[in-house]
Amino acid sequence: MSGRTPHDLRNLSRQLVGHFATHVAPCATLPGDALHGDITTVTRVCLELTIDLLEGREPDDKVERLQRAAADWAREGIPIDTVHHAVHEGFRLAFDLLLTRADPSQRPDDPAQLLLRILDTITPAVALAYVREHQAAVTEHHTAVHTLVSALLAGHPTSTMARESGIEIAPAYAVVALHIPRHRDEAHPNVDAKVVARRKLRRLQAELATRCTGRALSLLSVDGGTVLIPEDLIPEDTVTDGRLDELVLGLSAAGQVPVTATVIPAATEQVPDAADRAHELLDMVLRLGSMPGLYRFADLAMEYQLTRPGPGLDRLGALLDPLDTYPDLLDTLRRHLSTGLSRQRTARQLQVHTNTVDYRLKRIGQLTGLDPAQPSGLWYLRAALIARTYRDAGPGLAVR
């Protein structure tokens, strides 16, 4: 067996590759240059490694050659199951051919055990090399995406970056601002909060990639951030279509937290302004304690206008000054508005009886002169609460 020449091994390798192309489905789908180039080389290495182990030599250099090949395949996007099929089939056939041609006196006492030893030697090594290279490629891609999104949000030229990274720039995007609240386990005293937060974010990013076929551009942290969804993945009318709402619900389910989002459609050159507005809207939604979900500008046009600085904002905010010494009344008003004027839901949130809610709303009317039971009084109370929230709360809450 040791007298087998390199020429013999090359011929045998080609025979095995022909077998792969005909009988091993994952290998048959590979490009011709990969099948007759890399696969042929790897098959020959498998043969040489098998010979080494049969003859009691350590095949260290050959293991390294297989690892380099696995890393190359990871960079080229060849699936890992195809890599394993090729390696395992190569060893199986090589082992069988070499044993049938070997001198009977040179055959191992337990061929099955030797084959398992070969596979135990090579499978972890190949998988580790593949995964390491794949992770490096993913990290490189994420870095390119983050750089590109940062440039889009800043209004910087992106054509060169897009060309170098291979990421397509869409003519327009749905600019989504996201708030991701803390997972309940992040507050658990016996659990690493950072690990919980990272896992939450990974689940959410995986859901985003699945729903947007990997084409959404995002800049996210464990608290939230910005997502740019290409226009062809969403309808032109983002006001009435429900697909973005379903996306936010899917992100909430994946992250196991109630996600809040706002969206502004924009042409690519208008992304910076749209992102600013989307995050202003998100900041407003969070300040007002609104329910989680997706909000569009049309949902918040009045509230947005009421938050603009000026004497009107100060005057509206002052309407609730009589409640300064009654924090329970102010909290009741805020929750009552956020629940859509539902006395039952407000009572559940406050953990009081609905009669208590009724009493507090009546008391608010007495102190402010604005009756929550009347449309005009309710409108002024809502406007005053919005204005007061911005007057008193200071810097914004939303994550950019």
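Start by selecting Leu217 and Leu228: Leu217 stands opposite Leu228 in S3. This is a predicted model.

Next, show the two strands around this pair. S2 and strand S3 (residues 224-230) run antiparallel, and five bridges join them.

Now display the whole sheet. It is open and has five strands, in the order S2-S3-S1-S4-S5, with mixed pairing. At its edges are strand S2 (217-221) and strand S5 (293-296), each of which pairs on one side only. On average, neighbouring strands of this sheet are turned by 25 degrees against each other, direction ignored.

Go back to Leu217 and show its surroundings. Leaving aside residues up to four places away in sequence, Leu217 touches Val145, Leu148, Val149, Leu152, Ile167, Tyr173, Thr226, Val227 and Leu228.

Which residues of the largest nonpolar core touch the most other members? Select Tyr173, Val175, Leu217, Leu228, Met284, Leu320 and Ile364, out of 49 residues in that core. Colour by domain here: the core draws at least three residues from each of domain 2 (170-306) and domain 3 (309-392).

For the last stop, select Ala174, Ile180, Ala216 and Ile234. They are among the 22 residues of another core, which lies apart from the largest one.

Notes:
Residues are numbered from 1 along each chain as its sequence is written. This is a predicted model: local features need pLDDT of at least 70, side-chain atom pairs count only at pLDDT 80 or more; totals for chains, interfaces and linings use all residues. Side-chain values use heavy atoms; hydrogens and water are left out. A nonpolar core is a set of buried Ala, Val, Leu, Ile, Met, Phe, Trp, Tyr and Cys residues joined through side-chain atoms within 4.5 Å. Buried means under 20% relative accessible area, exposed over 50%, partly exposed in between (1.4 Å probe, protein chains only). Domain bounds come from an automatic or database domain assignment. Contact means heavy atoms within 4.5 Å. Two strands pair if DSSP finds at least two bridges between them. Helices (H or I, at least four residues) and strands (E, at least two) are DSSP runs, numbered from the N terminus. Axes are lines fitted to C-alpha atoms, for helices over the stretch in contact, and angles run from 0 to 180 degrees between N-to-C directions.
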